[in-house]
Amino acid sequence: MTKPHLFSTDAHKYRSFLAKGLHSPSFVIGGAITLFFVVLALVSFVWTPHDALSVNIAERLKPISTTYWLGTDHYGHDLFSMIMLGARNSIAVALVAVGIGACLGVPLGCWAAAKGGWLDEAIMRTGDFIFAFPAIISAIMITALAGPGAINAIVAIGIFNIPVFARLARGAALSLWTREFILAARLSGKGSVRITIEHILPNIANLLIVQGTIQFSLGILAEAGLSYVGLGTQPPMPSWGQMLSEAQTWLMMAPQLAIIPGMAIILTVLGLNLLGDGLRDMLDPKIRSSLDIGGSKAS
Amino acid sequence: MIIYSLRRLASLCVTLVAASLFIFAVMEILPGDPAQLILGINAQEDTLAALREQLGLNLPLASRYWLWISGMLQGDFGISYTYSVPVTELISERLTISLPLALMALALSTLIALPLGILAASNHGRWPDVSLIGATQIGIAIPNFWFAMLLVLVFAVTLHWLPSGGFPGWEAGLWPAIKALLLPAIALALPQASILVRIMRSSMLEVLHEDYMRTARAKGLNLRQTLARHGLRNALIPVITIMGLQFSFLLAGTVIIENVFSLPGLGRLVFQAINQRDLITVKAVIMLLVATVILVNFLVDITYGLIDPRLHRRQGSQ
């Protein structure tokens, strides 16, 4: 019996999956936007057009030019360089938060599905309980105790992501546990951990990847919100939310200081959402229906 | 319905107790010595001892938790360390801004989303549907605080129609107060409405293909009558679920938006309290916000039962 998972090791299936993707406008546009910002963030480690952290009052509030591609802010910082550094911080926080959610949530969800009974009930009710603590509330609690910082944002968004992934993994895994190929694996003497690793996880991987892109985009929004109110990334390291917070004072004189980081956030989130939509369209319709349409916001 | 409601009520109580225990543990046990955290590392030992006495930190943990929880149930959240006034007073003062703001945003998003969702579904695949889907995709991606800044730029700074921030107080009259809350409410409502339009649309599309809808049409009802009598009620179930889930985000959004508009609501209070290390106020506001989220989810569950009687019959028989 062939295992019915979509990411088969067969190279042909990979190619046909990608070919299908290239015909999906959502996948192509979303992928291109996401790739652009990821490249921007990665390049910022080795190169930025100007030193984003040095103050240069003589060059403050310069308009867009060939020297300053997006102009400068009230301290004379080059906005394009700030956007590059901001991309690095926003993407890093959101990515690690998704990682925390997936690394803890998926095993918990799979465990709940495999064992059932009181363990399933306990894991799911704990998940419901965590939902009562949106990222901003967790961040407020952490900041009150340990002071503000990017780690707060990562932990707060990450904690909220755990039940999102746990719930999704449990739901998808539960429907697989009744399938014939799992029954065959059980009859061949495999334990629940081995079945989960060898059969359940490969079959729910696509679903998790799509939810990952949704949570990633929501993580970018949540990080921006937390940095905006001073609970996330701290100066001098720029983040998009923090740039917006500083721009508010200059809204009348230099609205571009608010518009540019805002557009960066919108484009990144839009890109990730389109990528998620594209991936979802390429999935099996039965799996598609189990995905959350609106996503699960963290902030 | 009664058994269903009682079961949900029991679950509500357990979750509330668990939440209070968790908040108590994080805010009172994790820091080690809350008095030290409030006063800082340079505090004198006698000042620390006096604060420990004042906060009741010398009592056993169980007694401290009991005092906190029983006080809260009687509306006593303790005395704010910074303001030296009862926290209940501070909270009730700030709630007169945060609560109307959240409710206005909820009402606005519902008023925008439901008709647009129905419009998109009844024009499935045609230009109103396609353009609405595109618009909601962008609406979901816009951070509400950024949208708030744009609204200020257009409606306050450029057009001078509405105030850019601050709150005149309800005593200044209903209209000035509502005017001050209008831009924040619109900023909060946009992303919520974008999500709700999509949910309403997909839910309505599903309902439109149900057999009972076809039967209603076959009996001679036109599309509008069929939607009003049979479609809307069924399509609303997933919408209410998402509205319940979104409420916590609305509350979180309120905390952030209050900072954009310098509104002296709960959000501003909690940030001031953090800066002044007023743990008592922080703890009380967090408990209130979390309890509100839990309570709203409970109300959503009860509303399900009212809208869809099959649900509580099914749960009751289990």
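**Reading salt bridges, ring pairs and the chain interface**

User: What separation along helix α8 of chain A do A:R194 and A:E198 have?

Analyst: A:R194 and A:E198 are four residues apart in helix α8 of chain A, and so are separated by about one helical turn; helices (H or I, at least four residues) and strands (E, at least two) are DSSP runs numbered from the N terminus. This is a predicted model, in which local features need pLDDT of at least 70 and side-chain atom pairs count only at pLDDT 80 or more, whereas totals for chains, interfaces and linings use all residues. Residues are numbered from 1 along each chain as its sequence is written, chains are lettered from A and ligands numbered from 1 in the order in which they are written, and side-chain values use heavy atoms, leaving out hydrogens and water.

User: How should I read a salt bridge, and how many are found over all chains?

Analyst: Side chains of opposite charge can pair when their charged atoms come close. The search finds eleven salt bridges over all chains, each being a side-chain nitrogen of Lys or Arg within 4 Å of a carboxyl oxygen of Asp or Glu. In one of them, A:R170 meets A:D120 at 2.5 Å, N to O; because A:R170 lies in helix α6 (residues 150-177) and A:D120 in helix α4 of chain A, the pair ties together parts 50 residues apart in sequence. A:R170 is partly exposed at 21% relative accessibility, whereas A:D120 is buried at 11% (buried is under 20% relative accessible area, exposed over 50%, partly exposed in between, with a 1.4 Å probe and protein chains only). A:R194 and A:E198 also form a salt bridge, with their closest N and O atoms 2.9 Å apart.

User: Which ring pair crosses between the chains, and how is its geometry classed?

Analyst: The rings of A:Y228 and B:F145 have centres 4.6 Å apart and planes at 25°, so the pair is stacked (centres of Phe, Tyr or six-membered Trp rings within 6.5 Å; planes under 30 degrees apart are stacked, over 60 edge-to-face, the rest tilted). This pair runs from helix α8 (residues 192-228) of chain A to helix α7 (residues 144-158) of chain B, and both residues are buried.

User: How is the size of the interface expressed, and what area do chain A and chain B bury?

Analyst: The size of an interface is often given as the accessible area lost when the parts come together. Chain A and chain B bury about 3,800 Å² between them, 82% of it on carbon and sulfur atoms (area lost with a 1.4 Å probe, summed over both parts). One salt bridge is found across this interface, from A:D277 to B:R198, with the closest N and O atoms 3.8 Å apart.

Terms used:
Buried area = accessible area lost by both parts, 1.4 Å probe.
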